[in-house]
Amino acid sequence: MKDLTPKQIKDMDYNELIGITKETNRIPGGRKTVFEIVNRTCIDRHSKVLEIGTSTGFTAIELSKLIPCYITSIDINEISLKETRKRAIKEKVENLKLLKADVNKLPFDDESFDLVIIGNVLSLMSNKEQAFNECRRVCKKSGFIVAVPMYYIVKPFNKLIKEVSEAIQVNISPLFEKDWDKFFDIPNLEVYYTKKFKFDYIMDKEVKSFVENILDRAHLKEMRKDTLNTLYKKYKDYMYLFRDNLSKMGFSIILLSNKMVWEDKELYTSKEIK
Ligand SMILES: C[S@@+](CC[C@H](N)C(=O)[O-])C[C@H]1O[C@@H](n2cnc3c(N)ncnc32)[C@H](O)[C@@H]1O
């Protein structure tokens, strides 16, 4: 940390900056989403759960507090897994296995898990179908897959898309709610439940105070002053950019399950009266 230069910070994307700041990365909706998942999926302490793209382990740790089931969390980023490991030890989480793995090629047998959680990870995938097929493959026929995709509610300007794509180093093509409805409209996949949310608009002073709080962390104190100043500016710019982006976005908690192969088509379908 103490040898980092302003130039190194300037060259980093947002994911690399998370590695430096150790900012908590959450599933959209945070703790409430994890609570909703636990309540909706009927899991118990014997259940086997796979979480995809754990980042700093928020979902796994929150889930284990609600139900101490058997959790396996994967990510392709070794630095994130290292941070998750530290946090899990601090929170005395048992029954959590962490593994470096790619969602496109999961190292598990077919039908290994009762619940597969894929938060806002599919949005980042260039081959979403392959990644989701892997989630379906490793999920038991009687199990659930929960996806929490984000999407635009308001059409974004190209400039915003370009800046966010650069920040997270993923080529974003803007998706809307209807795109995800279409994506999950797959033969032999049942959509059990969908709950929709919209992100709040966060005021400037809240963003500023969040940034100051994060950069005041003890492990950053040993950083060179000029490097810390560069980090402050870059991190602050990213946070305002994400605020502008998320204020145009929402997300859905979508509960899915592989259909039983033997059942007849449901003829008399229904809709909730709202
Ligand atoms: C936006 S964060 C996810 C935050 C939160 N855990 C959630 O579920 O929404 C995306 C995470 O997915 C990981 N990721 C990206 N590509 C992946 C892949 N091919 N396989 C597994 N994890 C991947 C990233 O390293 C990052 O930690």
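**Note on helix packing, cysteines and a buried leucine**

1. Cysteine 42 is exposed, its relative accessible area being 63%, and the model in which this value was computed is a predicted one. Cysteine 42 belongs to the loop that runs between α3 and β1, the latter spanning residues 48-52.

2. Lysine 22 sits in the loop between α2 and α3, with α3 covering residues 30-41. With a relative accessibility of 22%, lysine 22 counts as partly exposed, because the buried class ends under 20% and the exposed class begins over 50%.

3. On the α2 side the contact is made by Tyr14, Leu17, Ile20 and Thr21, while α10 contributes Leu231, Lys234, Tyr235, Tyr238, Met239 and Phe242. By residue class, the contact of α2 with α10 divides into eight nonpolar residues, one polar and one charged.

4. Helix α10 has a further packing partner in α9, residues 204-215, with an angle of about 140 degrees between the two and a distance of 10 Å between their axes. The two helices, α9 and α10, are therefore oblique to each other, as an angle has to be over 145 degrees to count as roughly antiparallel. The crossing of α9 and α10 is right-handed. From α9 the residues Asp204, Val207, Lys208, Phe210, Val211, Glu212, Ile214 and Leu215 take part, and they meet Leu228, Leu231, Tyr232, Tyr235, Lys236, Met239, Tyr240 and Arg243 of α10. The contact of α9 with α10 comprises 11 nonpolar residues, no polar ones and five charged ones.

5. How many disulfides does the model contain? The count comes to zero, a disulfide being taken here as a pair of cysteine sulfur atoms within 2.5 Å. Cysteine 135, for instance, is in no disulfide, and the nearest cysteine sulfur, which belongs to cysteine 139, is 8.8 Å away. Seen from cysteine 139, the closest cysteine sulfur is that of cysteine 135, and the 8.8 Å between them is too far for a bond. Cysteine 135 is buried, with a relative accessible area of 0%, and cysteine 139 likewise counts as buried at 0% relative accessibility.

6. The last point concerns leucine 106, which is found in the loop between β3, residues 96-100, and β4, residues 113-118. Is leucine 106 buried or exposed? Leucine 106 is buried, with a relative accessible area of 6%. Leaving aside residues up to four places away in sequence, leucine 106 touches Leu50, Ile52, Ile74, Glu134, Cys135, Arg137 and Val138. One of these, glutamate 134, is 28 residues from leucine 106 in sequence, yet the two are 6.5 Å apart in space, C-alpha to C-alpha.

Notes. Residues are numbered from 1 along each chain as its sequence is written. This is a predicted model: local features need pLDDT of at least 70, side-chain atom pairs count only at pLDDT 80 or more; totals for chains, interfaces and linings use all residues. Side-chain values use heavy atoms; hydrogens and water are left out. Contact means heavy atoms within 4.5 Å. Helices (H or I, at least four residues) and strands (E, at least two) are DSSP runs, numbered from the N terminus. Ala, Val, Leu, Ile, Met, Phe, Trp, Tyr, Cys and Pro count as nonpolar, Asp, Glu, Lys and Arg as charged, and the others, Gly among them, as polar. Buried means under 20% relative accessible area, exposed over 50%, partly exposed in between (1.4 Å probe, protein chains only). Axes are lines fitted to C-alpha atoms, for helices over the stretch in contact, and angles run from 0 to 180 degrees between N-to-C directions. Angles under 35 degrees count as roughly parallel, over 145 as roughly antiparallel, 65 to 115 as roughly perpendicular and the rest as oblique. A crossing is left-handed if the near helix is turned anticlockwise from the far one by less than a right angle, and right-handed if clockwise.
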